[in-house]
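Here is a short briefing to read alongside the structure.

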Amino acid sequence: MKRLIFLGPPGAGKGTQAKRVAARLGLLHLATGDMLREAVDQGNELGKQAKAIMDCGDLVPDELVIEMLMEKIAGGKRGSGFILDGFPRTRVQAEALDKRLGKAGVQGVILLEVPEDELIERTLARGRSDDTAGTVGNRLEVYRQQTEPLVGFYDRRAIVHRVNGLGDISGIEQQILAVLTMP
Ligand code: AMP
């Protein structure tokens, strides 16, 4: 059973690639950003709490995101692996995941690397409600401060695969698949 994490700054292409690779490998695609946007659209309690935070590009509190994701993992088909896209984003989230899956639970981390000027261009072109010039800078800053240290956290287990996120979408997908099927 494969359990993978896709890591990288906003605009690196995590969502696009995680979706494609999950379909290709028969894994569940679990994207916390998508789940949160769904909650906002539904206008439920979680959505109400998350909306303003997402709009300014900050992180939704760990306990809310952890509970939401753990429910999805529990509700997934038995025995099916998954790709986490946009989770964990903090050390607390990474530790909660370890607790849930056990230390050997995460088999691989794909780190998508893209230069900063390209990230800004891509995010602004996406046109999501939290993709404004004002919030993109903050999301990058939040990534550098809170999420990027997770690269070191997983590097210590030697499970991080760095993939160049520049280029055409299917070429990048092929690189990821090659890395994941390496013996
Ligand atoms: P994304 O679609 O992954 O770019 O996420 C969009 C927004 O949802 C982020 O800017 C955060 O406000 C929120 N979000 C998504 N995943 C998480 C997470 N794991 N922890 C905290 N906030 C999150």
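Helices here are DSSP runs of H or I with at least four residues, strands are runs of E with at least two, and both are numbered from the N terminus. Please keep in mind that this is a predicted model.

**Around the ligand**
- The shell holds 16 residues, and those that come nearest are Thr32, Asp58, Gly86, Arg89 and Gln93.
- By type, the shell divides into six nonpolar, four polar and six charged residues.
- Helix H2 (residues 32-42) gives the largest share of this shell, with four residues.

**Polar backbone atoms facing the ligand**
- A polar backbone atom of Asp58 is 2.6 Å from an oxygen atom of the ligand.
- For Gly86, a polar backbone atom is 2.9 Å from a ligand nitrogen atom.
- Val60 also has a polar backbone atom 3.1 Å from a nitrogen atom of the ligand.

**Backbone spots to look at**
- Most residues other than glycine have a negative phi, and most peptide bonds are trans.
- Between Phe87 and Pro88 the peptide bond is cis, with omega near -5°.
- Pro88 belongs to the loop that links strand S3 (82-85) and helix H5 (91-101).
- Ala158, a residue other than glycine, has a positive phi near 55°.
- You will find Ala158 in the loop between helix H8 (149-155) and strand S5 (160-164).
- Is Ala158 buried or exposed? Ala158 is exposed, with a relative accessible area of 67%, and the cut-off for exposed is over 50%.

Technical notes. Residues are numbered from 1 along each chain as its sequence is written. This is a predicted model: local features need pLDDT of at least 70, side-chain atom pairs count only at pLDDT 80 or more; totals for chains, interfaces and linings use all residues. Side-chain values use heavy atoms; hydrogens and water are left out. A residue is near a molecule or strand if one of its heavy atoms lies within 4 Å of it. A polar contact is a pair of N or O atoms within 3.5 Å; within protein, one must be able to donate a hydrogen and the other to accept it, and residues adjacent in sequence count only if both atoms are side-chain atoms. Ala, Val, Leu, Ile, Met, Phe, Trp, Tyr, Cys and Pro count as nonpolar, Asp, Glu, Lys and Arg as charged, and the others, Gly among them, as polar. Buried means under 20% relative accessible area, exposed over 50%, partly exposed in between (1.4 Å probe, protein chains only).
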